[in-house]
Amino acid sequence: MAQSVVVQVGQCGNQIGCCFWDLALREHAAVNKKGIYDDALKNFFRNVDTRGSDISKGRICSLKARAVLIDMEEGVVNEILQGPLKDVFDSKQLITNVSGSGNNWAVGYKLFGSQYRDQIVEKLRQTAEHCDCLQCFFLIHSMGGGTGSGLGTFILNVLEDEFPEVYRFVTSVFPSGEDDVITSPYNSVLAMKELNEHADCVLPIENESLFEIVSKINQMLNSGKPGITVKQQSLVTLNEGGIKKKLDEKPFDKMNNIVANLLLNLTSSSRFEGSLNMDLNEISMNLVPFPQLHYLVSSLTPLYTLADVNIPPRRLDQMFSDAFSKDYQLIQADPKHSLYLACALLVRGNVQISDIRRNIERLRSSLHFVSWNQEGWKTSLCSIPPVGHSHSLLALANNTCIKPTFMELKTRFMRLYKKKAHLHHYLQVDRMEDSCFTEAVSSLSSLIEKYNELDITKGLPKHEQVRLNIVI
Amino acid sequence: MSVVTVQLGQCGNQIGYEVFDAICRDLHSTQGFCSKKENEVYQASCKEHFFNEDKSEVPVARALLIDMEPKVISQTLLKAAHSGRWKYGQHSHFCQKQGSGNNWAYGYNVHGPKHEESIMNLIQREVEEYDSLSGFSIIMSMAGGTGSGLGAFLTQNLRDAYPNSFIMNQVIWPYGTGEVIVQNYNSVLTLSHLYRSSDALLVHENDVVHKICAKLMNIKQISFRDVNQVIAHQLGSVFQPTYSSEDSFQYRRNPLGGFKDPALYTSWLQPSDAFCEWRTHRAFNKYEKSAALVSNSQFLLKPLDTIVGKAWNMFASKAYVHQYTKFGIEEEDFLDSFTVLEQVVASYCNL
């Protein structure tokens with residue numbers, strides 16, 4: 001079985017990462033009753049004895065996360081090390097500093113990048129050496145700040161240089177319009193160039209969407225309708241205290257859990273058995289028709305399960321409909337009115353192939369697929385559902401609806417750049433030049449253009465390509 | 001007369017398991033609808049056909065399990081062992097840690113050469129157990145990466161290593177929509193390569209089997225297990241032993257008058273030669289009477305043409321081609337494959 005390593009960078013990256021590890025342990029605990037270190041656990045965890053050496057089979061002694069935690073401030077990582085998950089990480093997996101990146105991509109990338117490169121490579125190598133078959137790196141970071149954005153994308157480059165055969169999946173939290181960091185458009189666009197060139201697959205996330213999902217759940221919980229109780233375990237926002245106790249819970253914790261659930265569902269079919277498995281390398285193979293178009297819109301359902309037995313369980317088909325509704329997406333976009341290049345349905349739990357086929361048939365007519373991929377559906381069936389649910393669905397769409405997000409970003413960038421606002425903070429960093437900015441915005445423009453070219457084909461009459469003429 | 005079954009990839013292994021399980025369950029069933037003596041003769045012949053004997057007296061399936069990632073093989077070995085009635089050989093499997101990623105090029109150009117020696121050795125060891133080898137039955141899907149890519153590579157190798165053996169591929173045709181996005185590319189590449197090395201391709205279409213489950217068997221929530229069991233039943237029927245050490249097989253021409261019509265056959269084939277029938281007295285799988293029809297006809301023309309058409313459409317826009325060139329399958333290789341298949345389509349059309 002192949003292994004994956006999580007690289008969490010910056011405050012956002014580490015907070016989400018922490019939620020992920022907590023949920024992963026919870027999921028495996030629910031499935032693995034005998035306490036044996038099995039192949040599923042091996043994917044994300046090492047099993048070590050008291051001396052810290054790996055145990056490859058047998059009873060679980062002590063689980064260590066296959067993770068590297070990097071932050072240029074100490075606050076978040078220290079909290080993790082003092083919290084309930086402290087035994088899952090060890091000091092050899094961390095890189096911290098005290099000064100922070102000042103919300104400046106150039107500081108994160110150019111300054112800390114070069115300063116910490118050797119240490120970073122060393123930690124990554126150590127983590128990779130503990131794997132007998134390393135398949136994938138999951139990078140978690142935000143785009144709007146300095147560390148996650150700058151150092152995070154620097155690390156992406158390092159991953160490609162040092163481990164070219166290993167897949168690079170990036171979970172990027174994009175800043176919202178009212179982000180309190182003024183220079184977030186600069187940071188995001190500079191980071192985008194790196195994502196364009198060095199990531200295999202990117203899952204963009206927007207805080208606005210996560211916030212709306214949390215609100216929806218809160219509304220549901222507080223609706224006061226008699227007899228409605230939600231199975232607490234099943235909440236997509238639940239966390240059992242990876243960082244802090246419930247009393248101190250901040251709104252971000254709930255939002256971070258949603259992203260953690262996304263990552264769990266993404267990897268479920270490669271960890272657990274099912275009748276139609278989907279490995280991580282299949283995601284890239286099926287959903288990335290052209291190298292640069294590797295941005296996937298994700299939606300996750302259900303958000304919770306009702307505990308009340310008197311209320312009939314939501315029909316399976318409703319789950320499929322929900323996955324194609326904007327309320328369940330992790331990014332603000334409108335795939336239904338844009339063009340699908342490809343779509344993947346990762347189903348977990350008690351669902352069979354006929355259910356999937358029926359729903360694909362039903363939903364197809366309302367969706368627009370690109371002419372050369374009219375049946376562009378990839379499916380997977382994993383037998384094990386998430387904790388608290390009998391089934392779940394993660395939909396990943398490669399759709400031109402992401403174009404407005406990028407155009408928005410470019411607009412906000414240009415608004416600042418035209419006035420040269422705050423540029424001096426960046427240019428005063430060693431080896432940071434104006435060309436970095438122009439190249440970044442050019443890369444973004446060319447990406448937007450590629451989506452434009454595809455959008456134009458939408459709605460055009462389909463014509464069959466002329467086939468080869470054979471003489472017998 | 002023994003056939004080595006090679007189960008490739010998730011599909012091949014899942015179906016292979018169902019085939020042996022169905023045969024074994026049937027072996028032990030009492031509903032043979034024939035005399036006791038006939039039943040015993042049949043059982044002996046069947047066992048010899050499909051299973052080896054080992055010290056524990058639990059029949060060992062004459063099969064090899066090959067996959068590039070371990071989950072499915074572990075499950076398959078476990079299920080067989082748990083049945084108590086049969087099992088797979090202890091050393092009859094080969095697997096790796098990381099799958100082929102639905103990439104034909106990866107299965108053919110990377111996994112193939114890398115594991116050629118190990119896999120061929122595994123096969124050689126199995127073949128040496130038999131007094132006479134009649135051939136290979138390779139169960140594989142066309143849509144994925146291992147069954148398709150590694151399957152094509154392996155078939156070529158088998159043809160080179162055993163030039164006089166009969167090689168038959170059980171090819172699983174994917175659903176028209178909703179399995180793998182690059183399934184048409186993988187299918188085109190697989191079929192064009194298999195054409196050069198295989199003796200016969202027995203095709204099982206998921207869409208057709210699905211309809212059987214829905215309409216004929218009235219199953220409401222159809223799972224892959226249901227689909228696989230139907231395919232297993234079909235395969236089991238086709239491979240029924242008709243020759244045993246005591247009875248010689250009965251061979252009659254055209255018992256059912258309906259097949260005499262020459263219009264069904266091409267001009268260069270006499271109806272009397274074209275139709276062959278083998279009979280077994282004992283019933284299979286609890287059906288009192290059953291018939292398995294294996295035909296070579298224009299029936300497959302439409303599905304084949306559809307797949308080639310869709311693959312060509314996608315290829316014209318060059319979508320996903322970079323995923324294949326990454327592992328050494330260039331545009332010229334695609335074109336070669338398209339050419340081979342267009343020739344096949346044209347040949348069938350001309351009948």
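Mentor: Before we start, one definition: the expected span of a helix is 1.5 Å times one less than its number of residues. Keep in mind too that this is a predicted model.

Trainee: OK, how does helix 3 of chain B do on span?

Mentor: Helix 3 of chain B has 14 residues, so it should span 20 Å, and the C-alpha atoms at its ends are 20 Å apart, which agrees.

Trainee: And which residues of helix 3 of chain B are buried?

Mentor: B:Pro70, B:Lys71, B:Val72, B:Ile73, B:Thr76 and B:Ala80.

Trainee: What caps the N-terminal end of helix 3 of chain B?

Mentor: B:Glu69 does: one of its side-chain oxygens lies 3.3 Å from the backbone nitrogen of B:Lys71. B:Glu69 itself belongs to the loop that runs between strand 4 (63-67) and helix 3 (70-83) of chain B.

Trainee: What follows helix 3 of chain B?

Mentor: B:Gly84, with a positive phi near 80°.

Trainee: Back to B:Glu69. Buried or exposed?

Mentor: Buried: its relative accessible area is 10%, and the cut-off for buried is under 20%.

Trainee: What is B:Glu69 in contact with, leaving aside neighbours within four places in sequence?

Mentor: In chain B, the contacts are B:Cys95, B:Gln96, B:Lys97, B:Gln98 and B:Gly99, and from chain A there is A:Asn277. With A:Asn277 the B:Glu69 side chain also makes a polar contact, side chain to side chain, at 3.5 Å.

Trainee: That takes us to the interface. How many residues of chain B are in contact with chain A?

Mentor: 53 residues of chain B, and they meet 56 residues of chain A. The size of an interface is often given as the accessible area lost when the parts come together. Here chain B and chain A bury about 4500 Å² between them, with 54% of that on carbon and sulfur atoms.

Trainee: How many salt bridges across the interface of chain B and chain A?

Mentor: The rule finds 4. B:Asp305 forms a salt bridge with A:Arg467, where the closest N and O atoms are 2.8 Å apart. As for polar contacts, the count between chain B and chain A is 28 residue pairs, both partners at pLDDT 80 or more.

Trainee: Which elements give two or more residues to the side of chain B that touches chain A?

Mentor: These are helix 1 (9-27), helix 3, helix 7 (206-216), helix 10 (301-316), helix 11 (321-325) and helix 12 (331-349) of chain B. Helix 10 of chain B gives the largest share of that side, 8 residues. By residue type, the side of chain B that touches chain A divides into 18 nonpolar, 24 polar and 11 charged.

Trainee: Zooming out, how many helices and strands are in chain B?

Mentor: Chain B comes to 12 helices and 8 strands. Of its 351 residues, 54% are buried. Take the contacts in chain B between residues at least 6 apart in sequence: 79% of them join residues at least 24 apart.

Trainee: New topic: where is A:Gly145?

Mentor: A:Gly145 sits in the loop between strand 6 (134-142) and helix 5 (147-162) of chain A. A:Gly145 counts as buried, since its relative accessible area is 12%.

Trainee: What does A:Gly145 touch, not counting residues up to four places away in sequence?

Mentor: A:Asn103, A:Asn104, A:Trp105 and A:Asn187.

Terms used
Residues are numbered from 1 along each chain as its sequence is written. Chains are lettered from A and ligands numbered from 1 in the order in which they are written. This is a predicted model: local features need pLDDT of at least 70, side-chain atom pairs count only at pLDDT 80 or more; totals for chains, interfaces and linings use all residues. Side-chain values use heavy atoms; hydrogens and water are left out. Helices (H or I, at least four residues) and strands (E, at least two) are DSSP runs, numbered from the N terminus. Buried means under 20% relative accessible area, exposed over 50%, partly exposed in between (1.4 Å probe, protein chains only). A polar contact is a pair of N or O atoms within 3.5 Å; within protein, one must be able to donate a hydrogen and the other to accept it, and residues adjacent in sequence count only if both atoms are side-chain atoms. Contact means heavy atoms within 4.5 Å. Buried area is the accessible area (1.4 Å probe) that two parts lose on being put together, summed over both. A salt bridge is a side-chain nitrogen of Lys or Arg within 4 Å of a carboxyl oxygen of Asp or Glu. Ala, Val, Leu, Ile, Met, Phe, Trp, Tyr, Cys and Pro count as nonpolar, Asp, Glu, Lys and Arg as charged, and the others, Gly among them, as polar.
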